[in-house]
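Hi,

Here is the structure I promised to pass on. Have a look at it first, and my notes on the charged pairs and one of the helices follow below.

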Amino acid sequence: MNKKILIIITLLFALLGGLFFIISSLRNITNTPPVTQNGFPTPTIYQVPDKGALIIQAQNISPLKKTHIGITTEEELKSIPNISQNGNTYSYPSPLILRPNEVIVENGVVVFEKVLIPEDQEGPYFKTVTSLKNAIGDPDGIIKGSAYYDWYAQTLIYSQLGLAAITNPYTDEVFEIHFFEPTSVENYISRFGGDIQESPSGQGPIHP
């Protein structure tokens with residue numbers, strides 16, 4: 001009788017040992033990182049947006065834009081319908097009669113263009129802040145307050161992409177888009193930020 005009990009206990013220990021070995025093996029397989037054929041772990045690949053591609057995308061964000069910054073010449077501007085000149089600033093009609101689209105020329109070449117965006121939400125040219133950020137990411141700087149649109153408007157400055165947008169953060173609407181050569185936030189404000197008028201709660205450039 002004692003021999004039978006001993007045999008049964010031995011078999012139980014063997015069975016438990018086998019189960020323990022199987023469970024340990026499964027855990028090792030689960031926790032082992034994937035390997036290549038050479039036996040090295042497969043590296044994680046992060047997609048980094050190409051800055052040059054983002055600049056091109058930003059510069060073509062609106063089909064209403066008439067010029068190519070740094071390329072279009074002053075002579076070529078004259079082919080734009082109903083364009084008028086005041087010194088080195090040219091203007092042509094926009095959706096707002098009192099605020100035309102503008103182009104600034106330096107040394108015979110376009111360095112800045114302001115394009116007003118139509119308010120018709122069903123139209124093909126309407127832009128939102130959300131769609132802008134989805135396309136080119138977060139801005140380098142944000143300034144609250146506008147001389148024309150009032151205290152609530154925000155200027156989103158994508159200085160490294162050569163783009164700025166005056167927006168309504170409460171309705172997600174883009175009022176107008178500015179195009180220029182890539183620069184710094186401070187240089188954009190100094191050269192082309194004439195509409196910026198900080199509200200009492202404004203804090204200057206806010207870097208996200």
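**Salt bridges**

E102 and K114 pair up through their side chains in a salt bridge, at 3.8 Å from N to O (that is, a side-chain nitrogen of Lys or Arg within 4 Å of a carboxyl oxygen of Asp or Glu). E102 sits in strand β3 and K114 in strand β4 (residues 109-116), so the pair ties together parts that are 12 residues apart in sequence. Strands are DSSP runs of E, at least two residues, and helices are runs of H or I, at least four, numbered from the N terminus. K114 is buried, with a relative accessible area of 5%, while E102 counts as partly exposed at 26%. Buried means under 20%, exposed over 50% and partly exposed in between (1.4 Å probe, protein chains only).

A word on the source: this is a predicted model, where local features need pLDDT of at least 70, side-chain atom pairs count only at pLDDT 80 or more, and totals for chains, interfaces and linings use all residues. Residues are numbered from 1 along each chain as its sequence is written, and side-chain values use heavy atoms, with hydrogens and water left out.

The whole structure has 5 salt bridges. Another one joins R99 and E176 (2.7 Å, N to O), and both of these residues are buried. R99, E176 and D195 are linked in a network of salt bridges.

**Helix α4**

V129, L132 and I136 are the buried residues of α4 (residues 129-136). After the helix comes G137, with a positive phi near 90 degrees.

Cheers
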